[in-house]
Amino acid sequence: MAVTIQYLVVRNGIEKMSFTNKKEADAYDRLLDLAEHIEQLLAEAPVNLAEQEREALALYLAQHQDQLAGPRKKPVKDKEKEDKGDIKAVA
């Protein structure tokens, strides 16, 4: 018989998810913490959302937090820096 370790993420007495990896369980727990914080912010927002909609939106925003910062600039290559950088006067 094999022994399997499971990590349970429990919120308000309700089992949300189970994992076999502690790192994944901790990451999911942090995601739920963030979603809970976002949900509290949305509760104070000047829009009327039903509680279920607010919770769903908060979880969605927490899951896509990397996209909330907007597009990231691509690093400029060295050659492009040279082309854009110095303006030389031609005599």
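# Exercises on a predicted model

Of the 91 residues of the protein chain, 15% count as buried. The model is predicted. Work through the tasks below in order.

## Exercise 1: The overall layout

Task: State which secondary structure elements the protein chain has, and in what order they come.

Solution. 
- Step 1. Count the elements. The protein chain has four helices and two strands.
- Step 2. Read along the sequence. The pattern is β-β-α-α-α-α.
- Step 3. The protein chain exposes about 8400 Å². Carbon and sulfur atoms supply 52% of that area.
- Step 4. Residues 24 or more positions apart account for 18% of them.

## Exercise 2: The strand pair

Task: Find how strands β1 and β2 pair, and what lies between them.

Solution. 
- Step 1. Locate the strands. β1 covers residues 7-11, and β2 covers residues 14-19.
- Step 2. Find the direction. β1 and β2 pair in the antiparallel sense, over five bridges.
- Step 3. Pick out one facing pair. Valine 10 stands opposite glutamate 15 in β2.
- Step 4. Inspect the turn. Two residues separate β1 and β2, which form a hairpin. Asparagine 12 in this turn has a positive phi of about 50 degrees.

## Exercise 3: Arginine 11

Task: Decide whether arginine 11 is buried or exposed, then list its neighbours.

Solution. 
- Step 1. Arginine 11 lies in strand β1.
- Step 2. Apply the cut-off. Buried means under 20% relative accessible area. Arginine 11 has 14% relative accessibility, so it counts as buried.
- Step 3. List the residues it touches. Leaving out residues up to four places away in sequence, arginine 11 touches Lys16, Asp29, Leu32, Asp33 and Glu36.
- Step 4. Find a polar contact. The side chain of arginine 11 makes one with the side chain of aspartate 29, at 2.9 Å.

## Exercise 4: The aromatic pair

Task: Classify the pair formed by the rings of phenylalanine 19 and tyrosine 28.

Solution. 
- Step 1. Know what to look for. A pair of aromatic rings is described by the distance of the centres and the angle of the planes.
- Step 2. Check the distance. Centres must lie within 6.5 Å to pair. The count comes to one aromatic pair. The ring centres of phenylalanine 19 and tyrosine 28 are 5.6 Å apart.
- Step 3. Check the angle. Under 30 degrees is stacked, over 60 is edge-to-face, and the rest is tilted. The planes of phenylalanine 19 and tyrosine 28 stand at 50 degrees, so the pair is tilted.
- Step 4. Check burial. Phenylalanine 19 is buried, with a relative accessible area of 14%. Tyrosine 28 counts as buried at 18% relative accessibility.

Note on methods. Residues are numbered from 1 along each chain as its sequence is written. This is a predicted model: local features need pLDDT of at least 70, side-chain atom pairs count only at pLDDT 80 or more; totals for chains, interfaces and linings use all residues. Side-chain values use heavy atoms; hydrogens and water are left out. Buried means under 20% relative accessible area, exposed over 50%, partly exposed in between (1.4 Å probe, protein chains only). Contact means heavy atoms within 4.5 Å. Accessible areas come from the Shrake-Rupley method with a 1.4 Å probe; for residues, only the protein chains shown count as cover. Rings of Phe, Tyr and Trp (its six-membered ring) pair if their centres lie within 6.5 Å; planes under 30 degrees apart count as stacked, over 60 as edge-to-face and the rest as tilted. Two strands pair if DSSP finds at least two bridges between them. A polar contact is a pair of N or O atoms within 3.5 Å; within protein, one must be able to donate a hydrogen and the other to accept it, and residues adjacent in sequence count only if both atoms are side-chain atoms.
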